[in-house]
Every structure is written in structure tokens, then in C-alpha cells.
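Subject: Handover of a structure

Dear colleague,

Please find below the structure that I am passing on to you. My findings follow it.

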Amino acid sequence: MALGLFVCVMLPGHAAAAQDGEDGGRTAVTRPNGELPNRPAAAGGGEKVTVTTDVMRATFDSVGGSLVRVELLGQQEVGDGKRSAVLLDQSAQRQYVAQSGVLVDSREMAGPNHLTQMAVAPGARELSQGQDRLQLRFESPDAVGSGIKLVKTFSFARGEYAIGVKHEIVNQSSLPVSPQVYLQLVRDGATPAGESRLYSTFTGPALYTESSKYRKIDFKSIDKGASENDTKADNGWVAMVQHYFASAWLLGTSADDDLRGKRTREFFTRKVDANLYAVGMIVPLARVAAGSSEALEARLFVGPQEEAKLSALAPGLEQLKDYGVFAILSKPLYWVLAQMHSILGNWGWSIVGLVVLLKIAFYGLNGTAYKSMAKVSVVNPKIAEMRERLKDQPEQIQQETMRIYREEKITPAGGCLPILIQIPFFVAMYWVLLSSVEMRNAPWLGWITDLSAKDPLFILPLLMAGTSLAQTWLNPKPTDPTQAVMMWVVPAALSVVLFFFPAGLVLYWLTNNVLSIAQQYHVNRMMGVLHE
């Protein structure tokens with residue numbers, strides 16, 4: 001069953017999910033009215049400052065006070081447990097940074113932005129034992145040709161991937177100003193290193209508002225100027241998404257801020273350079289009188305797509321974890337999988353346990369399907385003899401086949417319908433395993449040290465191929481010779497593809513196959529239709 005569902009459902013589902021949000025929506029996203037600097041900050045232009053906590057090593061550039069590199073200390077590179085996974089980076093291989101700055105409404109004034117050289121305040125750079133919080137403070141020159149000063153303070157907390165970011169705008173001029181703070185994520189359009197070409201996961205910007213909900217925006221749609229979403233709202237966030245990880249700008253200091261204190265914001269996407277894209281929002285602040293100041297509190301999330309933590313940060317943020325078209329089923333399936341892991345302590349055995357629970361839940365449906373198949377196996381010799389006798393009378397063959405089915409009380413779709421009912425659960429479980437960052441570097445048994453990577457010895461795929469052929473042997477033999485040959489060729493050929501799929505997915509399909517074979521063998525034996 002697994003290989004059949006893989007061909008008919010899984011591959012089309014990938015293509016659809018990867019393109020979600022490329023069109024549709026409410027209003028075309030345009031470039032903002034404010035004059036955002038439309039050139040990237042030069043790499044290596046300023047002083048680099050690194051802050052280390054228990055979960056990340058974050059490097060900032062004094063040019064703009066931008067976050068230019070983040071190592072996730074709790075996540076190792078796949079295949080190299082000695083190196084931490086790097087998400088944000090500013091290097092020859094990758095451009096992915098978080099920037100912010102100030103826009104002002106006066107032509108005579110210019111606000112400090114992500115190209116402004118800023119001073120770094122002294123202070124601790126590492127979260128020491130027993131310390132739960134630390135801060136990093138950047139300050140623009142007293143006057144950037146305007147008298148507008150920006151003080152940017154980053155706040156880190158133990159165990160948190162969300163960094164508090166406070167923008168304080170100080171008006172040192174003699175005129176009142178109406179400042180706006182822009183928050184943006186800038187990334188190149190390249191696929192993350194190590195991504196498989198056999199299955200598709202989304203990489204690119206995403207936006208969320210209460211009205212439009214979660215929208216993914218393909219890089220190609222930005223190139224064409226065809227991306228769509230709300231341009232203004234009093235709630236919502238922006239993000240940059242890739243397989244397993246994400247970054248996001250959130251307003252306020254807690255998840256409740258977007259629900260209680262509605263603050264207008266303007267969303268935008270834009271192409272910064274030949275292969276550099278930005279997604280962000282512009283937030284207007286209250287008018288600042290001369291000699292006064294105004295502040296904006298925000299949070300910058302940079303980390304893994306851990307569902308429980310995401311949902312606690314902001315409304316809808318958990319949707320960064322892509323569950324595909326059957327998210328309504330994927331969420332409870334992941335919850336059960338997580339509960340099993342809390343008991344078993346191993347994600348591999350948790351996958352096996354969840355498949356067992358699903359097979360128990362669908363035991364009756366599968367039994368009905370296998371009994372129908374067994375009846376077909378009984379009458380197939382009779383149908384084969386009839387087809388040979390009436391080989392020159394195709395209409396008569398059809399009529400005689402239906403007569404035999406009626407006499408034997410066989411429903412032609414009886415073996416397929418119960419399986420079709422289970423397809424959404426099969427697809428949902430597939431997406432749970434593909435999207436869950438918990439599978440990265442998670443060991444199962446012996447040689448399987450990473451459920452998100454392919455089996456290094458190809459043992460699971462070989463077993464999967466064997467079980468697929470065993471299922472073929474148990475199924476009714478087609479009376480048509482061509483179909484009979486294809487029934488063996490197709491599962492054998494498709495099994496080769498699984499040699500390069502994540503071990504966790506192959507383990508799931510293998511377990512499903514083994515349990516299906518056991519039940520089908522039992523039914524066939526009871527009905528006396530075991531093949532020679």
C-alpha cells in the first residue's frame with residue numbers, strides 16, 4: 001500500500017504544498033512608501049560582536065547593528081555532530097541576515113538604518129552559569145545629518161531562540177518628527193545546502209495576518225512582482241522559512257501583544273539585488289517632539305521549527321512548520337508521536353509505535369479490503385479461462401466478468417475503497433516526519449544515527465523493497481499478462497527511489513508494510529487463497 005500511495009498521492013502533494021501562497025491572497029504586496037535603502041550592507045564592513053547563550057551563538061555587525069550569523073548550538077549539522085547548524089550567515093556562500101532601521105517623514109532628515117555605522121556598548125558577551133539574561137546595545141552617532149539617534153538593544157534569555165529587540169528613537173533635532181521603524185529579513189534565493197532533489201520543501205518569505213492567515217511567497221513571484229498578501233494590518237508578522245528552521249520578526253514582548261495592543265504595520269517584499277530578497281514590515285511610531293524619544297519593542301526569532309515553542313511566541317507562528325494539505329490530521333498525529341517519545345525516549349521506536357496504533361485503528365477497514373482481494377484471487381482463474389475462451393469478444397468478456405463478480409458477491413472497488421479512506425492519514429504522517437526538526441540527528445537503532453538522513457547502509461530501503469514485493473505476491477494476480485508484469489516492475493522500480501529518502505520515512509513505510517503483510521497473510525490463509 002505504501003508504494004502505491006507514494007506514487008498516486010505523495011509526489012503531487014509536494015508540488016502543491018511548495019507553491020502554496022504563490023498566488024491568491026487579497027492585495028498585491030508592493031514596495032513600501034518609505035525610502036528603504038535598496039542596497040545590501042557590505043560584508044565585513046564593521047566590527048563583529050558575538051553573543052553566546054546556551055542555545056545560540058549570535059554574531060552582529062556594528063554596521064546597522066544587524067544580526068549577520070547565528071549558530072544553533074542545540075542543532076548539529078547533518079552528518080557532522082561536531083559542528084553546530086548555521087542559519088543566518090553573511091559569507092561568500094550564503095547571504096541571510098536580519099536588519100532594521102529608522103525612516104523619517106522629513107526630506108531634510110535621514111534616519112539611522114542598516115547601513116549606519118553604530119557604536120557598541122561594553123558589556124557581557126556570554127551567558128554565564130547561573131545567569132538567565134544579558135543585553136547587547138548599539139547606538140548610532142548623535143546626528144546622522146538629521147539629529148535622529150537610534151539606540152538598539154538586543155535582549156537574550158536562557159533557553160530562548162527569540163531575541164528581544166528594542167528600538168529607541170531619540171529626537172535631538174529642533175523639529176518634531178514622525179519616525180517609522182522597518183524590520184526586515186534579507187536572504188539569497190538559493191536552496192539550503194543538503195536539501196534532497198527527490199522531495200520538495202518550501203524556502204522563502206512568509207507573512208501572517210488575522211485576515212489572510214499564513215501565506216508563503218515564492219522567490220519567483222517576487223521577481224515577477226506577483227506576490228500577494230495584505231499590505232497593511234494592525235497585527236501579524238513576517239518570516240523567512242526553510243526546511244526545519246525559520247526566522248521571524250514579531251512585534252511586542254509577548255504573544256499577547258498582537259492581540260491586545262493593535263499596532264498598524266505595512267508589509268513588504270522586495271528584490272534587493274540580483275539574487276537577494278527581503279521581506280519585512282514598517283511600523284509607524286507616535287510623533288516625537290524635539291528633545292523627546294519614542295521606543296518600539298519587537299522580537300526576532302531565529303531557530304528550529306519546534307511547534308510548541310512557536311505557538312507560544314505569536315498567533316499562527318506554529319504554521320511555519322509545514323504540515324501539507326492535511327494539517328488537520330498532521331497536528332494530532334504529531335501530538336501522539338511526541339507523547340510516545342516522552343514514554344519511549346527514542347524517535348525511531350516512537351515512529352514504529354505510532355504505526356502500530358494506526359494499524360490497530362484501521363484493522364477492520366484493512367480486513368475488509370484484504371477479504372475483497374482474496375475473493376478476487378479465488379475467481380481470477382475462472383476469469384482467466386473465460387478471457388482465453390472469448391479473447392475475440394471484448395464486450396462479452398466484460399459482461400461475463402461482471403456476471404462472475406455478481407455471482408461471487410464481489411464489489412470491484414471493495415479492495416480499494418478502505419485503502420483510499422486511509423490515504424489522508426498516510427499523507428499526513430508523511431508530512432509529520434518530513435517537517436519535524438526533532439528527526440534531525442535523532443538515532444534509532446545501531447547504524448541509523450540520523451532519522452532525517454538516508455540510511456548509510458541502505459538496509460531499510462532493501463527491506464522496504466522486499467516487503468513491497470511480498471505485498472505484490474499476496475495481492476490478486478491480474479488476468480492481463482501486461483498488468484501482471486507491471487505489478488512486479490512498478491514496486492521494484494519505486495523502491496529504488498526510497499534508497500535516498502530520510503531513514504525515518506522509510507522506517508515508517510517499512511513498518512506499515514510489515515504489519516499490512518501480516519494481516520493480509522492471515523486473511524488469505526483463512527480464506528484459503530495463499531499463492532503458490
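Predicted model: local features only at pLDDT ≥ 70, side-chain atom pairs only at ≥ 80, totals over all residues.

The chain has 532 residues, of which 53% count as buried, and its secondary structure comprises 12 helices and 19 strands. Among contacts with a separation of 6 or more, 68% are between residues 24 or more positions apart. The accessible surface amounts to about 23300 Å², and carbon and sulfur atoms contribute 56% of it.

The whole structure contains 14 salt bridges. One of them pairs lysine 48 with aspartate 61, at 3.2 Å from N to O. Lysine 48 belongs to strand 1 and aspartate 61 to strand 2, so this pair ties together parts 13 residues apart in sequence. Lysine 48 is partly exposed at 37% relative accessible area, whereas aspartate 61 is buried at 3%.

A further salt bridge joins aspartate 188 and arginine 94, with the closest N and O atoms 2.5 Å apart. This pair links distant parts of the chain, 94 residues apart: aspartate 188 is in strand 11, and arginine 94 is in the loop between strand 5 and strand 6. Both aspartate 188 and arginine 94 are buried.

Yours sincerely

Definitions and conventions: Residues numbered from 1 in each chain as written. Heavy atoms only, no water. Helix = DSSP H or I, 4+ residues; strand = E, 2+ residues; numbered from the N terminus. Buried < 20%, exposed > 50% of the residue type's maximum accessible area, 1.4 Å probe, protein only. Contact = heavy atoms within 4.5 Å. Areas by Shrake-Rupley, 256 points an atom, 1.4 Å probe, with all protein chains shown as cover. Salt bridge = Lys/Arg side-chain N within 4 Å of Asp/Glu carboxyl O.
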